Amino acid sequence: MFADCFPIWERLTPAWQDRLTACMYNKTFKKGEILYNGSGNCTGLLIIKTGQLRAYILSEEGREITIYRLLEMDMCLFSASCIMNSVRFDITVEAEKDSQVWIIPAEIYRQMMEESVVVANYTNEIMASRFSDVMWLMEQIMWKSMDRRVAAFLLEELSLEGQMRLKLTHEEIANHLGTHREVITRMLRYFQSEGIIRMSRGVVEVLDTKRLQQMQ
């Protein structure tokens, strides 16, 4: 239920609970489908019911880099960035898996923020958390070598998928990490030569998680 995914539901007034119930709606997205492209549109506030989303930015050369992932019960606020005049964050949000989301129209959420201190404070907490994610990403890019970043990424994938065989192409890993496919190919070949992973077409099988943990 939506109430279980919206942490401040019980702190909303009955009137706002009724209004949200009436105006929000469900939408399903297939894997690879774009939910929000940052080109001036304001999709609204997204809350993930099932599935997994990826938020990323594009360089001028068209290279992608993942900012953060959104899992079940997470909230995507940047897709409703038009409700915050001081925020300009040009991101793209796509479905990494088949996903179902609740959408709260941006104008409704703006009114909630204006009328409810609880909602305003909660929104600020989310924004602070997302900017922390961005700062963490910048630190990774600036200070960590690519082998450590690839190791950390593979460990994250293991945690998300719950299995040692990861269906990943070199291009997909490169898009997550904001680098070229050739760089990832070299890194993975090195990992394979060290017995850390085994590669096959479209699959990376992790053989030694301890080595990955030591590297990150």
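Tutor: Two residues are in contact when heavy atoms lie within 4.5 Å. The model is predicted, with local features needing pLDDT of at least 70 and side-chain atom pairs pLDDT 80 or more, while totals for chains, interfaces and linings use all residues. Residues are numbered from 1 along each chain as its sequence is written, and side-chain values use heavy atoms, without hydrogens and water.

Student: Among contacts in the protein chain between residues at least 6 apart in sequence, what percentage join residues at least 24 apart?

Tutor: The protein chain has eight helices and eleven strands, which are DSSP runs (H or I, at least four residues; E, at least two) numbered from the N terminus. Its C-alpha atoms fill a box of roughly 60 × 35 × 30 Å along the principal axes. Of the contacts between residues at least 6 apart, the share joining residues at least 24 apart is 70%.

Student: How many bridges join E4 to E7?

Tutor: Strands count as paired if DSSP finds at least two bridges between them. Strand E4 (residues 53–58) pairs with E5 in the antiparallel sense over six bridges, and isoleucine 57 has isoleucine 65 in E5 as its bridge partner. E4 also runs antiparallel to E7, where leucine 53 is bridged to alanine 95. The number of bridges joining E4 to E7 is four.

Student: Which residue takes a positive phi in the hairpin of E4 and E5?

Tutor: Five residues lie between the two strands of this hairpin. A positive phi near 85° is found there at glycine 62.

Student: Is glutamine 52 buried or exposed?

Tutor: Glutamine 52 lies in the loop between strand E3 (45–50) and E4. Leaving aside neighbours within four places in sequence, glutamine 52 is in contact with residues including Arg69, Leu71, Glu94 and Leu160. Buried means under 20% relative accessible area, exposed over 50% and partly exposed in between, with a 1.4 Å probe and protein chains only. Because its relative accessible area is 5%, glutamine 52 is buried.

Student: What is the relative accessible area of lysine 27?

Tutor: Lysine 27 belongs to strand E1 (residues 25–29). Not counting residues up to four places away in sequence, lysine 27 touches Ser99, Gln100, Val101 and Ile103. Its C-alpha atom is 25 Å from that of proline 14, which is 13 residues apart along the chain. Lysine 27 is partly exposed, with a relative accessible area of 41%.

Student: Which helix gives the largest share of the lining of the largest pocket?

Tutor: A pocket is an open set of 1 Å grid points where a 1.4 Å probe fits, with protein on both sides within 12 Å along at least five of seven lines, and lining residues have an atom within 4 Å of a point. The largest pocket holds about 450 Å³ of space and is lined by 19 residues, with Lys31, Glu96, Lys167, Leu168 and Glu172 nearest its centre. Its lining has three nonpolar, five polar and eleven charged residues. The largest share, three residues, comes from H6.

Student: Which strand gives the most to the lining of the second largest pocket?

Tutor: The second largest pocket has about 340 Å³ of space. Of its 15 lining residues, those closest to the centre are Thr66, Ile67, Trp136, Leu137 and Glu156. Helix H4 (117–143), H5 and H6 are among the elements that each supply at least two residues. With five residues, the element that gives the most is E5.

How values were computed. Grid points are joined across faces, edges and corners, and a volume is the space filled by probe spheres set on the points. Ala, Val, Leu, Ile, Met, Phe, Trp, Tyr, Cys and Pro count as nonpolar, Asp, Glu, Lys and Arg as charged, and the others, Gly among them, as polar.
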